[in-house]
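Hi everyone, thanks for coming. Let's take a look at a protein together, starting with its charged side chains and then moving to its nonpolar parts.

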Amino acid sequence: MDEKDRQIIRTLQREGRMSNQDLAEAVNLSPSPCLRRLRNLEKAGVILGYSARVDPKAYGLAITAFVRIRLERHDETTVQTFEREVARMEEVLECHVMTGQTDYQLRVVVESLDAYEEFIRVRLHRVGGIGSIDTSFAYGTVKDTMVFPIR
């Protein structure tokens, strides 16, 4: 991947709905080479897909929680079960394996605090093998971007 490919990626991260013509102009290429590079990035799995960014509050999901999970045990069965079950939970938008005192960090969106309590009691607790759950609620967002830094 060269600098021109990175320009294409950053431009699409800013505005994924632009036409190939507009993309080519933005990165200073003619349309055919631009499209060829784009298809190569898609084929190589660098570009994973395209989606719409949606305001969670406008969608009805007013609560964003960052949930830190520590497992009781780290045997293969416990880890696989936890990861499989979390992957099925629609409320969980992200699940990261972490270093430090917690094993996982989840980004969870729900419509209310009552819905969050239900998520914890009905969904997460039933997974089993969880040693601790620590939650922080986001009450504002300073920065939210999908555009990678220039490297």
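Here's a question to begin: which side chain meets Arg 123 in a salt bridge? Keep in mind that this is a predicted model. The partner is Glu 91, with 2.8 Å from N to O. Now find the two on the chain: Arg 123 sits in helix H6, while Glu 91 is in the loop between H5 and strand E2, so this pair ties together parts that are 32 residues apart in sequence. Arg 123 itself is partly exposed, at 31% relative accessibility.

In total there are twelve salt bridges. Another one joins Arg 39 to Glu 42, with the closest N and O atoms 3.1 Å apart. Both of these residues belong to helix H3, three residues apart, which is about one turn of the helix. There is also a network of salt bridges linking Asp 2, Asp 5 and Arg 37.

Now for a charged residue without such a partner. Arg 6, in helix H1, is buried but has no salt bridge. The nearest side chain of opposite charge is Glu 3, 4.5 Å away.

Let's turn to the nonpolar parts. The largest nonpolar core has 21 residues, and those touching the most other members are Val 67, Ile 69, Phe 82, Val 108, Phe 119 and Leu 124. Strands E1 and E3 and helices H5 and H6 each supply at least two residues of this core. A second, separate core has ten residues, among them Ile 9, Leu 12, Val 27 and Leu 41.

Conventions. Residues are numbered from 1 along each chain as its sequence is written. This is a predicted model: local features need pLDDT of at least 70, side-chain atom pairs count only at pLDDT 80 or more; totals for chains, interfaces and linings use all residues. Side-chain values use heavy atoms; hydrogens and water are left out. A nonpolar core is a set of buried Ala, Val, Leu, Ile, Met, Phe, Trp, Tyr and Cys residues joined through side-chain atoms within 4.5 Å. Buried means under 20% relative accessible area, exposed over 50%, partly exposed in between (1.4 Å probe, protein chains only). Helices (H or I, at least four residues) and strands (E, at least two) are DSSP runs, numbered from the N terminus. Lys and Arg count as positive and Asp and Glu as negative; His and the chain ends are not counted. A salt bridge is a side-chain nitrogen of Lys or Arg within 4 Å of a carboxyl oxygen of Asp or Glu.
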